Amino acid sequence: MTADPGRDAGLAAGAVNVAGISITPVYVADLLVDLPDVHMPVYVHVVEHPQGRILVDTGLTESDPLADDMEPQVQPLNRQGFDIGSITAVVNTHLHFDHCGGNKLFAGTPTYVQHRELEDARSIDGYTVRRWVDAPGVTYVELDGDIELLPGVRIVATPGHTPGSQVVVVEAAEGRHVIAGDSAVFFSDLDDPQTEGQRIIRSLHPVAVWLAHAHEPWRPAASSATGAQALPGRVD
Ligand SMILES: [Zn+2]
């Protein structure tokens, strides 16, 4: 994204505006969500920060019987030249299989998740691919609510898509960005918020919201002209 220090109207009073923060989407998979032939991309997001490199969600690296009906076409991070070792922290917006399947690539790296989300993933049958959640070496840092991860980068709990969902809020020079996972799946979820999490996102007045399953970020002024909201069905 382009830094423009002169444009900070999206920032609340007292918000940290750290130069040098950027967000990069990385395409990792394609899922079949509705017959016939409606596909949904799966993106993870990298937050580049002067003090670290944060990965938000990890996509998936393979299929599983639970995911087979979505015929995953995967481009795992470890097979696309992604610098795995440079990641200093992982954030799971939630633990549905298409968001945590690559956690195993980051064994030993602090992986932030809401306590409630981890509890549900480990206890509710069919919730996710449990062996991906608790792959060897995955090191969870369990949260109960919001934290500041780095100056200008916060994790905010956004219940709705799942009770334990969370988003990453980034104070970039351009304004406030939100990396939303599935807290909003479609642009229409933000145009007309229905869940507590979606209302929280809107209340932050972001200039852009990055969704896991859309090619472009939602922006408040340009949200009505996108094809993302036309996708039928929902993805887990
Ligand atoms: Zn989900």
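Student: Which residues of helix α2 are buried?

Tutor: A residue counts as buried if 20 or more other C-beta atoms lie within 10 Å of its own, as exposed if 12 or fewer do, and as partly exposed in between, with C-beta atoms placed from the backbone. In α2, the buried residues are R116, E117, L118 and A121. This is a predicted model, in which local features need pLDDT of at least 70, side-chain atom pairs count only at pLDDT 80 or more, and totals for chains, interfaces and linings use all residues. Residues are numbered from 1 along each chain as its sequence is written.

Student: What covers the buried residues of α2?

Tutor: Cover is read from contacts: two residues are in contact if their C-beta atoms, placed from the backbone, lie within 7 Å. For α2, the cover includes β6, α3 (130–133) and β7.

Student: Where does helix α2 lie?

Tutor: Helices (H or I, at least four residues) and strands (E, at least two) are DSSP runs, numbered from the N terminus. Axes are lines fitted to C-alpha atoms, for helices over the stretch in contact, and angles run from 0 to 180 degrees between N-to-C directions. Helix α2, residues 115–123, lies across β6 (110–114) and β7, and runs at about 85° to β6.

Student: In what order do the seven strands of the open sheet come?

Tutor: Two strands pair if DSSP finds at least two bridges between them. Here the order is β4-β1-β2-β3-β5-β6-β7, with mixed pairing. β4 (73–74) and β7 (139–143) are the edge strands, each pairing on one side only.

Student: How many bridges join strand β1 to strand β2?

Tutor: Eleven, between β1 (residues 22–34) and β2 (residues 38–49), which run antiparallel.

Student: How do β8 and β9 pair, and over how many bridges?

Tutor: Strand β8 (residues 147–150) pairs with β9 in the antiparallel sense, over three bridges. L150 has V153 of β9 as its bridge partner. Two residues stand between the strands of this hairpin, where G152 takes a positive phi near 85°.

Student: Which residue of β10 is the bridge partner of R154?

Tutor: That partner is V169. β9 and β10 (residues 166–172) are antiparallel and share five bridges. As for burial, four of the five residues of β9 (residues 153–157) are buried.

Student: What does the secondary structure of the chain come to?

Tutor: Five helices and twelve strands. Of the 236 residues in the chain, 46% are buried.
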